[in-house]
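Biologist: I have the file open and a few things to ask about it. Can we go through it piece by piece?
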Amino acid sequence: FGSAAGAAAETGVAPDTGLDPQYLAGLAAFKEGRLDESYTRLKAVYQKYPGNVRYRNDYLVAAVASGHPSEALAIAATTDATSLPIYVLESLGLAARDAHQPTLALRYYDSILQSGEDIGARVGRDLALIDLKDDAQARNDLQTLRAAHSGRIDVLEALGLAEEALGADLG
């Protein structure tokens, strides 16, 4: 063949990156907001190369983003959470909340927070606490976050949810 397309067809990898062309197309679809297409492509690549950690991680994120949280959680259950990058842990925390598993969400967010301060993970953790009916603890943490990060919409929205759950006055 001699061409890049021919090489990719023969070996299953793009010659310039060493990555499966389907994987690259899945990433491009994700970046362009075509989440269902991204999910389908990345799932196929993961199934073809189940031992490839990179493919697995990006497939997990695409599965959560495209509305398949239980599928992502099932695969992640066989993986050591401490080996996962933060972007995957964030998606799995969201997946656990979406699947009404707030205790699992706390574990993912706590894994992130063990490596350092992460405002998004704290907000996610606080939302999981609200799901667990620990509204007061969530509100206390969110008030601290609001004082330090008054312009963050995620903090303000989560604080509103905590106060609503407590029946507190938002004023």
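Biologist: How much of the protein counts as buried?
Modeller: Of its 171 residues, 40% count as buried. Keep in mind that this is a predicted model.

Biologist: What does the secondary structure come to?
Modeller: There are 10 helices and zero strands. From the N terminus on, the elements run α-α-α-α-α-α-α-α-α-α.

Biologist: And what share of the contacts join residues at least 24 apart?
Modeller: That share is 43%, taken among contacts between residues at least 6 apart in sequence.

Biologist: Let's take helix 3. What does it span?
Modeller: Helix 3 covers residues 35–48, which is 14 residues. From its first C-alpha to its last it reaches 20 Å, close to the 20 Å expected at 1.5 Å a residue.

Biologist: Which of the residues of helix 3 are buried?
Modeller: S38, Y39, L42, V45 and Y46. Looking down the axis of helix 3, these buried residues fall within an arc of 140°, so they line one face of the helix. On the other side, D36, Q47 and K48 are exposed.

Biologist: What do the buried residues of helix 3 pack against?
Modeller: Helix 2 (21–31), helix 4 (53–65) and helix 5.

Biologist: Start with helix 2, then. At what angle do helix 2 and helix 3 pack?
Modeller: About 155°, with their axes 8 Å apart. Angles over 145 degrees count as roughly antiparallel, and helix 2 and helix 3 are therefore roughly antiparallel to each other. Helix 2 passes helix 3 in a left-handed crossing.

Biologist: Which residues meet there, between helix 2 and helix 3?
Modeller: On the helix 2 side they are Q22, Y23, A25, G26, L27, A29 and F30. Their partners in helix 3 are L35, E37, S38, R41, L42, A44 and V45.

Biologist: Now S66. Where is it?
Modeller: S66 sits in the loop between helix 4 and helix 5.

Biologist: Is S66 buried or exposed?
Modeller: S66 has a relative accessible area of 14%. The cut-off for buried is under 20%, so S66 counts as buried.

Biologist: What does S66 touch?
Modeller: Not counting residues up to four places away in sequence, S66 touches L35, D36 and Y39. S66 and D36 are 30 residues apart in sequence, but their C-alpha atoms are 5.7 Å apart in space. D36 is one of the exposed residues of helix 3, while Y39 is among its buried ones.

Biologist: And I75, where is that?
Modeller: I75 is in helix 5, which runs over residues 69–76. I75 is buried too, with a relative accessible area of 15%.

Biologist: What is I75 in contact with?
Modeller: Leaving aside neighbours within four places in sequence, the contacts of I75 are Y46, R56, Y59 and L60. I75 and L60 are 15 residues apart in sequence and 7.9 Å apart from C-alpha to C-alpha.

Biologist: Moving on to backbone angles. What is phi of H100?
Modeller: Phi of H100 is near 60°, a positive value in a residue other than glycine. Most residues other than glycine have a negative phi. H100 is in the loop between helix 6 (86–98) and helix 7 (102–114), and is exposed at a relative accessible area of 71%.

Biologist: And phi of K133?
Modeller: Phi of K133 is near 70°, again a positive value in a residue other than glycine. K133 lies in the loop between helix 8 (119–131) and helix 9 (135–148). At 66% relative accessibility, K133 counts as exposed.

Biologist: Last one, helix 9. Which of its residues are buried?
Modeller: D135, A138, L142 and L145. They cover an arc of only 90° around the axis, which puts them on the same side of helix 9. The face turned away from that buried side carries the exposed residues A147 and A148.

Biologist: What covers the buried residues of helix 9?
Modeller: The cover includes helix 8 and helix 10 (153–166).

Technical notes. Residues numbered from 1 in each chain as written. Predicted model: local features only at pLDDT ≥ 70, side-chain atom pairs only at ≥ 80, totals over all residues. Heavy atoms only, no water. Helix = DSSP H or I, 4+ residues; strand = E, 2+ residues; numbered from the N terminus. Buried < 20%, exposed > 50% of the residue type's maximum accessible area, 1.4 Å probe, protein only. Contact = heavy atoms within 4.5 Å. Expected span 1.5 Å × (residues − 1). Arc of directions from axis to C-beta. Axes fitted to C-alpha atoms, helices over the stretch in contact; angles between N-to-C directions. Parallel < 35°, antiparallel > 145°, perpendicular 65-115°, else oblique. Left-handed = near helix turned anticlockwise from the far one by under 90°.
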